Amino acid sequence: MDFNLPGEDDPRRLAVRKWFEANPSPSYAQLAKQGYVVPHWPEPWGLGAEPELQLIIDQEIERAGIVHPMTFNVIAINQCGQSLLTHGTKDQRQKFLPPALACEERWCMLFSEPSGGSDLGNLRTTARRDGDHYIINGQKIWNSMANKSQIGVLIARTDPEAPKHRGLSVFLIDMKTLGVLVRPIVDMTGEEPEYNEVFLTDVKVSADRLLGKEGDGWRIVMEQLQTERMHMTKPGAVWGGGPTARELMSGLIQTGKINDPLIRDEAGKLFVEGELLRLLSLRNLSNRINGKPAGAEGNIGKMLASPHGQNLSDLAKRSQGAAGMVRDRSVLPLPPKEYGLFDNWDYAYWFAPAATLGVGTQEILKNAVAERVLGLPRELDPTASLPFNQAKLVKPKGAN
Amino acid sequence: MDFSLNEEHEALRDNARAFLSKEAELSKLLVPGATVAQAGYDGMWNKMVELGWPGIVVPEAYGGLGMTYLDLAMVMGEIGRSLAAAPLFGTLAGAWAVEKAGSEDQKKLLLGEVAAGRLRLALAVTCANGTADGAHSDVKAVQRDGRWVVSGRNAFVVDADAADKIVVLARTKDKGQFFLVDRGDRNVTVDVLEWRDITRQVCAVSYNNVSAEPLSQSDDDTWPWIRDRLYLVLAAESAGGIQKVLADTVEYAKERVAFGKPIGAFQAIKHQLAELAGLDQCATAGVHFAAWALGEGDKRASLAAAMAQSYASAAYRDVTYRNIQVFGAIGFTWEMKNHLYYKRARSNAELLGAPRHQRDQVVRLLEKTPELLSA
């Protein structure tokens, strides 16, 4: 066991730093070409880097004062891009990955529907095969960045006669295709919309946009969600990102609020939790170095990180009293640093209720931990084994 | 960089688990009316001596095994898991006091005896009001004819009755200093308290002009140095206990049937257990980090120790309380072991101060050393 991160004099770090000295303000395309966007991917996309080198590169990107490409295009770079390596065709990789890694094309996920987010398998959007095309009809909702994206990763039902989880398929669609209508949702923060509704009306998609095989859809999106949850095992205020308990503590010390004994105790508690979350995320990394397979631990990580982040912004707010109710981004100071989207406590606080809703509600996460980590009995879904077009008609017991 | 346990740590842990699952016996404590007198302190101690555990972190130069704090955490986790009762906590505490504050001669003599299993120790630092801060003491030390004598009283001394010698913190004219006294001295009185955790012997100790041998290198750093290590010991015990109690609770939730299905199928139960799984992961991570940091003398060592103890002891309480609730009324009976773990958990959160005290230490360290916020 060795909790030291790779040092300042690590030769791998010196080599990376040398590149940044030679290329002081690299474009995302340059970073992608260098393999620094996804160092852990195989060449030519990445460097086949072991997790330590990946960590070094991420740290050096931050040190160079560059907003990490992941912040800009997280869905392509973290959640979904990797699916093309495992399930995509060579042509799909060539067409979609270079512009995604260079951040020239942003991706969004088109998963949730009005018919259910937690029960994602209940989705109703259809993709009907028509010659060398599919015709897609339906509605998606809670699609982060869909209004700013060029590519959508869409899950739709290709076989309505198969059970709900088996008749699904994933497509990579152009968001500017005729019949795709994107409407931003103004959320309760009142800030620039993060989420959208996406209406799909007779959208014609070439068959070569199918990712994997027909019917692979559930497996693919579950892999993507696991990757996303693992990524959220971090101590930041919203989904692992943004300021952490360290910055909260720093602000409370700077403003003297830490001298209130109740705030002091809560801040101490949150600091400890945050450091332990940091250790868990690093342990996940080590387990991969040591060749231990990534398991269901991403579910535990997100289950812990979401309420932790909510409690951070909550204490940041409460420490301000009535002044915290004024729309003011600078109400509790943050040390200068690149925080990504949630770069102030005000936005983090008003956004916080979503943290236990998106990417699996807290209840869904607890089910996953109980069932997949602890081995407790699974939730029964009476509709799971029926053909989807019949299951829709099953009435819950006790319903009229 | 490697945040995982290696195979040697895992082997040490597995061997300790195999040994304790055979040797540690709780059945005598599950008879109503049982006290710590039935915990089997002496028998378990003798078996631990055979394995060399008293000298596990005693440096090799003094006849110990010279193993790391991570190794110690592996063993302490298994002791916490099994609730094996023996005067190890007191002996570790006393040995650390000698290691930190003793003269070279004292270290050679005493640590060698500890490592050989021939000397059991206890560390007495707690005032009657529960304060244990290394500065305050209800025991006074004075010099008479060139010899030191101590008088006064300590509360809540772990393993004092089982000890051969007690290391006591006493006030001299101008400072706090550590002294050694013989448990068998006729001027030393030890009362074993009716401590609710009957897997651990906790005592009040009185001294009436007892001749005492000073640990000559005592200074202001002595107590914090020992305390950080005791935090690790208790936190490791707690994390080990959490793992065991969580496993027991999960097993019971899978077996116990109500309304036609295992109670673990109900979200009211499974969601609670999922939360406990999170506590388990974090408590263990904190213990490993603290053990590593103390072993390396890392600048985060004190911070890590206080974090581990505050988190693990609070989490242990939550897990053992939930465990009783999931078991239902049967878990409330003396003949089940659930209460032994609950009482151990509660007592671990009081013996070295409450979790909020350690959290205050965390904040103080961060105020004093802001670099720790970016380490």
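This is a predicted model: local features need pLDDT of at least 70, side-chain atom pairs count only at pLDDT 80 or more; totals for chains, interfaces and linings use all residues.
**Chain B and its helix α4**

Let me start with helix α4 of chain B, residues 88–101, whose 14 residues reach 20 Å from first C-alpha to last, close to the 20 Å expected at 1.5 Å a residue, where the expected span is 1.5 Å times one less than the number of residues. Residues are numbered from 1 along each chain as its sequence is written, chains are lettered from A in the order in which they are written, and side-chain values use heavy atoms, with hydrogens and water left out.

Twelve of the 14 residues of α4(B) are buried, so this helix is largely enclosed by the rest of the structure; buried means under 20% relative accessible area, with a 1.4 Å probe and protein chains only. Among the buried residues are B:Leu88, B:Phe89, B:Trp96 and B:Ala101.

Turning to the whole chain, chain B holds ten helices and nine strands, these being DSSP runs (H or I, at least four residues, for helices; E, at least two, for strands) numbered from the N terminus. Along its principal axes, the C-alpha trace of chain B spans about 80 × 50 × 40 Å. Of the 375 residues of chain B, 59% count as buried. Finally, taking contacts (heavy atoms within 4.5 Å) between residues of chain B at least 6 apart in sequence, 73% join residues at least 24 apart.

Definitions and conventions
Buried means under 20% relative accessible area, exposed over 50%, partly exposed in between (1.4 Å probe, protein chains only).
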